[in-house]
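Here are my notes on the model you sent, as numbered points.

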Amino acid sequence: MNQAEVSQLISKLRIRISPRHKNLKCPEGPQGRLNKLRKTVNALFKYERLELNYTIADETRGYAERLISEAIRHGDTHKPTMEMADYWIEEKQLIHKLFKVLVPRFSDYKTSYTMLYRAPKAYPDIVYPRSVLELRGNPFPSILPQRIDQRNFIHNILLEEAKKAYRAEKYEQITKSLNEQDVVDK
Amino acid sequence: MLLRSLKLHIIQCGFAPVVLQVSRTCSNMPLSDTHQSPDNAVSGKQVKSERKLVVPSNSRFIYPEFLPDPKMEWRNSLREKLERLDMIQRRKHIDIPEFYVGSILAVTSSNQHAPNKATRFVGICIQRLGCGLRANITLRNVIKHVGTEIKYQLYDPTIQKIEVLRLEKRLDDELLYLRDAPNEYSTFDENMEAEYLPEGTPVPVNTTLVKLKPRPWRARWERKNMKGLADLELEERFYKRAEELATPWEKYDLMKQYRRTIPEEEQKEIFAEVCSELHEVEVMRKKLKRKKVFVKPTRSS
Amino acid sequence: MLSTICAARKFSTSAVTNHIMKLTRLRVVDNSKIGKQAMAEGKPPRCIHIYNKKGIGTIGDKILVAIKGEKVKAIIVGCVKEQKANIPRFDSNNIVLIDDNGTPLGTRINVPIPIMLRTILKEKTFSKGADYTKLLAIASNYV
């Protein structure tokens with residue numbers, strides 16, 4: 001029996017959030033867990049695409065999304081947001097990136113700001129599920145195979161035409177044979 | 001109760017146009033934070049509010065129990081909706097006024113054990129817990145030098161009347177430390193008159209600092225970061241231990257905050273759903289209040 | 001020093017329940033002579049038996065207390081422990097001393113007592129057994 005905390009308003013995140021956090025096996029406790037996540041959040045803002053353990057990626061995703069949504073919501077003049085960004089981003093030049101690059105990029109997004117993909121496991125070496133976490137709108141080529149329109153390739157056009165010609169020929173043959181049968185019947 | 005409200009819901013769906021009309025007529029009243037006189041408001045903002053109902057921004061402080069439990073495993077949108085319908089239904093019968101932790105309330109409830117079948121308890125609200133129909137408050141008062149507390153369910157059908165005798169806030173969200181404070185901090189007269197607060201004024205914050213009795217206490221207050229406590233006058237080792245156990249990183253845990261609250265979009269949805277009815281109830285209450293205030297003039301020679 | 005702290009941390013503790021059980025110190029709230037004396041001397045009575053099957057006393061239960069070297073029966077008229085909705089909770093565990101017939105030893109109760117006691121004590125009274133309702137007559141204030 002809890003009551004929702006109402007002291008501050010928070011924007012809704014557009015990702016699936018698990019009901020409970022993951023402890024991430026940290027001997028230093030909750031503070032160590034946040035330190036671990038800080039590193040990945042920082043790296044995500046720096047490189048925009050990371051390949052890492054699925055559990056950590058899933059946890060990091062929420063924090064990164066919240067940080068971006070807070071930045072969009074309050075802007076860089078809001079002191080608590082700035083303090084939060086200062087805590088989460090260790091390389092201070094990335095704070096400028098957050099407010100000057102990512103906020104304009106994501107301000108009119110209707111979807112989530114990050115993407116999380118499951119990555120293949122290298123079978124004998126790694127048993128933990130791997131994943132790829134990236135910011136949307138990053139400069140890298142897409143992870144998912146792009147669907148290119150292949151109908152206009154020259155060999156496809158030629159094959160298409162050949163198919164049509166073959167069919168036309170067949171139809172002609174059939175009609176001819178039918179006509180011959182009619183003549184014989186009469 | 002669920003079944004009854006389900007029926008009610010179906011009935012409401014059946015008469016959808018009627019409901020719509022009702023909500024439109026009451027949307028003529030602006031729902032702003034400052035309470036204006038109704039005549040003034042109708043003429044002033046009719047054009048603007050006809051299209052859109054304005055949800056007051058402080059709804060979440062006045063009606064926190066309308067927000068569901070943020071624990072995700074326990075969320076159930078249908079149950080929450082039915083509960084809200086039941087709550088509004090209850091609010092149409094009794095007046096549950098705006099109050100905060102630290103306000104002084106008087107609750108009159110039916111009691112089968114009492115000789116006149118009703119009891120009245122006056123006290124300061126020290127805790128407000130729960131959401132939906134299970135919302136409850138704890139009142140505390142010192143009667144004959146013995147601290148007495150009673151917990152009341154806000155939507156309990158046995159409650160006859162809830163009066164706010166003094167509307168104010170305190171510095172903390174929970175005043176459980178009053179149990180360890182001297183009696184004068186929680187002594188209130190049972191025949192206290194309701195204090196009048198002019199409409200539109202912000203709720204005053206009582207900034208009294210409570211001086212606790214010496215230890216032992218019911219909790220280790222030095223570890224709780226209470227704003228309303230005066231200097232605790234403990235030995236150095238207590239503060240040292242409190243510092244060791246403090247969790248300063250928790251204010252940076254963005255997802256922990258997120259899991260504890262209801263996001264703004266959902267809050268807006270919920271209050272947009274109930275605000276027309278709540279406003280209607282409030283208007284009714286104001287009318288009743290005005291009726292009660294009116295005193296027939298007597299001739300004095 | 002450090003080892004003692006570590007040893008102290010090895011067992012878990014639970015929240016305080018404030019139950020009234022055997023050896024709980026209680027507060028006499030009537031004006032009986034023995035009760036007043038015991039409270040004034042700073043030796044409040046101890047519960048040594050609870051006459052129910054749970055062994056944990058609540059409002060309206062009869063208990064046996066050890067007070068100034070004597071065994072006296074008493075009725076609980078208020079508990080510190082958390083109560084359900086609409087039931088009052090007090091800052092002290094209050095008792096009223098009674099004799100075997102249910103007649104209170106004092107003539108006045110100085111603190112508020114829960115109004116539900118009126119029903120509870122009436123239900124516990126039998127025509128030829130102890131009559132507890134006399135306790136209600138000496139109460140000065142109900143909540």
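**Notes on the predicted model**

1. The contact between chains A and B. In this predicted model, 21 residues of chain A are in contact with 27 residues of chain B. On the chain A side, the elements that give two or more residues are helix 1, helix 2 (54–74) and helix 3 (79–88). Helix 2 of chain A gives the most, with 4 residues.

2. Composition of that side. The residues of chain A that touch chain B divide into 12 nonpolar, 6 polar and 3 charged.

3. Helix 2 against helix 4 in chain A. These two helices pack with their axes 10 Å apart, at an angle of about 90°. Angles of 65 to 115 degrees count as roughly perpendicular, so helix 2 of chain A is roughly perpendicular to helix 4 of chain A.

4. Residues in that packing. Helix 2 of chain A contributes Ile68(A), Ala71(A) and Ile72(A) to the contact. From helix 4 of chain A come Leu98(A), Phe99(A), Leu102(A), Val103(A) and Phe106(A). By class, the contact of helix 2 with helix 4 has 8 nonpolar residues, no polar and no charged.

5. Helix 1 against helix 4 in chain A. The axes of helix 1 (residues 30–47) and helix 4 (residues 93–106) of chain A come within 10 Å and cross at roughly 65°. The crossing of helix 1 and helix 4 of chain A is left-handed.

6. Residues in that crossing. On helix 1 of chain A, the residues are Asn42(A), Phe45(A) and Lys46(A); they meet Leu94(A), Lys97(A) and Leu98(A) in helix 4 of chain A. This contact of helix 1 with helix 4 has 3 nonpolar, 1 polar and 2 charged residues. Leu98(A) is listed in the contact with helix 1 and also in the contact with helix 2.

7. The sheet in chain C. How many strands does the open sheet have, and in what order? There are 5 strands in chain C, ordered 1-6-4-3-2, and the pairing is mixed. Strand 1 (27–28) and strand 2 (46–50) of chain C are the edge strands, each of them pairing on one side only.

8. Strand 3 (residues 62–67) and strand 4 (residues 70–78) of chain C pair in the antiparallel sense, over 6 bridges. Ala66(C) stands opposite Lys71(C) in strand 4 of chain C.

Technical notes: Residues numbered from 1 in each chain as written. Chains lettered and ligands numbered in written order. Predicted model: local features only at pLDDT ≥ 70, side-chain atom pairs only at ≥ 80, totals over all residues. Axes fitted to C-alpha atoms, helices over the stretch in contact; angles between N-to-C directions. Left-handed = near helix turned anticlockwise from the far one by under 90°. Contact = placed C-beta atoms within 7 Å. Nonpolar A, V, L, I, M, F, W, Y, C, P; charged D, E, K, R; others polar. Pairing = 2+ DSSP bridges. Parallel < 35°, antiparallel > 145°, perpendicular 65-115°, else oblique.
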